[in-house]
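Work through the exercises below with the sequence and the model in view. Each task is followed by its solution.

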Amino acid sequence: MTATYTFDVFTSLDGFGGASSEWGGYWGKQGPELLARRLALYQADQRMVFGANTYRTFVELLAAGDQDLLDPWVTRMRHLPATVVSSTLKEPLEWPDATVAHGDAVDVVARLKEESAVPLRSHGSLSMNRALMAAGLVDYLQVTIFPVVTGQTGDDPILRGAADFDLELIETRTLDGRTQELTYRPTVHSPVDQALALG
């Protein structure tokens, strides 16, 4: 039985994974339900998977003392076993239980899905996860949508350049009366399959 893989990402309503620093962490919209939910998601045994850029960003923010990275769910995430996919990083890493996997992310994650005894989860790592979705390796796309539009200040568009996907909605939650968590099962969109289903 293969391990499931969840691509877990934060976004503004207009699809940006980040914004200029004037917004602050969580776009200034964190609340107790959001933070409790995040901690609950990370309590279960699982293995984190990061691309090299996301790993480096986490390490830089931790070194700078970013206050959002002191939230309990982030502390829990940092103490889960992790695989960092990179062609340049070398061990030991500045992460309690992380190893480097060299090679193409698609090959690395396909192997992890076969070998891991626990589910796999990736927070961020946008370009890596777009490639994994295109390869059919992402079982769940979990999107937390914050109630902001960052048309002028947004950066890191979460799905720009991605393939086309059909999304089956698996679960929805509203947190703190304003933030939406949506969990989907993605499948690569095939116009031929759609035409056959309609035909």
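**Exercise 1.** Is Glu181 buried or exposed, and at what relative accessibility?

*Solution.* The model is a predicted one. The cut-off for buried is under 20% relative accessible area. Glu181 has 1% relative accessibility, so Glu181 counts as buried.

**Exercise 2.** Find the salt bridge between Glu181 and Arg173, and then the network that includes these residues.

*Solution.* Step 1: the side chains of Glu181 and Arg173 meet at 3.7 Å, N to O. Step 2: a salt bridge requires the nitrogen to be within 4 Å of the carboxyl oxygen, so the pair qualifies. Step 3: Arg173 is partly exposed, with a relative accessible area of 32%, whereas Glu181 is buried. Step 4: salt bridges link Arg37, Glu171, Arg173 and Glu181 in a network. The structure holds 9 salt bridges.

**Exercise 3.** Describe the salt bridge of Arg121 and the surroundings of its two partners.

*Solution.* Step 1: Arg121 forms a salt bridge with Asp8, at 3.2 Å from N to O. Arg121 lies in strand 6 and Asp8 in strand 1, 113 residues apart, and the pair thus links distant parts of the chain. Step 2: Arg121 has 8% relative accessibility and counts as buried; Asp8, at 0%, is buried too. Step 3: strand 1 and strand 6 run parallel and are joined by 4 bridges, with Tyr5 having Leu120 as its bridge partner in strand 6. Step 4: on strand 6, Arg121 and His123 point one way, Leu120 and Ser122 the other, and all are buried. In a regular strand, side chains alternate between the two faces of the sheet.

**Exercise 4.** Compare the accessibility classes of the partners in the salt bridge between Asp45 and Arg76.

*Solution.* Step 1: the closest N and O atoms of Asp45 and Arg76 are 3.9 Å apart. Asp45 sits in the loop between helix 1 and strand 3, and Arg76 in helix 3, 31 residues apart. Step 2: Asp45 is exposed, with a relative accessible area of 56%. Step 3: Arg76 is partly exposed, at 23%.

**Exercise 5.** Characterise the largest pocket and the second largest pocket.

*Solution.* Step 1: the largest pocket holds about 1,100 Å³ of space, and the second largest pocket has a volume of about 230 Å³. Step 2: 36 residues line the largest pocket, with Gly17, Gly18, Thr57, Leu61 and Asp156 nearest its centre. Helix 2 gives the largest share of that lining, 6 residues. Step 3: the lining of the largest pocket divides into 17 nonpolar, 14 polar and 5 charged residues. Step 4: 14 residues line the second largest pocket, and Arg121 is one of those closest to its centre.

Notes. Residues are numbered from 1 along each chain as its sequence is written. This is a predicted model: local features need pLDDT of at least 70, side-chain atom pairs count only at pLDDT 80 or more; totals for chains, interfaces and linings use all residues. Side-chain values use heavy atoms; hydrogens and water are left out. On a 1 Å grid over the protein atoms alone, a cavity is a set of points where a 1.4 Å probe fits but cannot get out, and a pocket is an open set with protein on both sides within 12 Å along at least five of seven lines; lining residues have an atom within 4 Å of a point. Grid points are joined across faces, edges and corners, and a volume is the space filled by probe spheres set on the points. Helices (H or I, at least four residues) and strands (E, at least two) are DSSP runs, numbered from the N terminus. Ala, Val, Leu, Ile, Met, Phe, Trp, Tyr, Cys and Pro count as nonpolar, Asp, Glu, Lys and Arg as charged, and the others, Gly among them, as polar. Buried means under 20% relative accessible area, exposed over 50%, partly exposed in between (1.4 Å probe, protein chains only). Two strands pair if DSSP finds at least two bridges between them.
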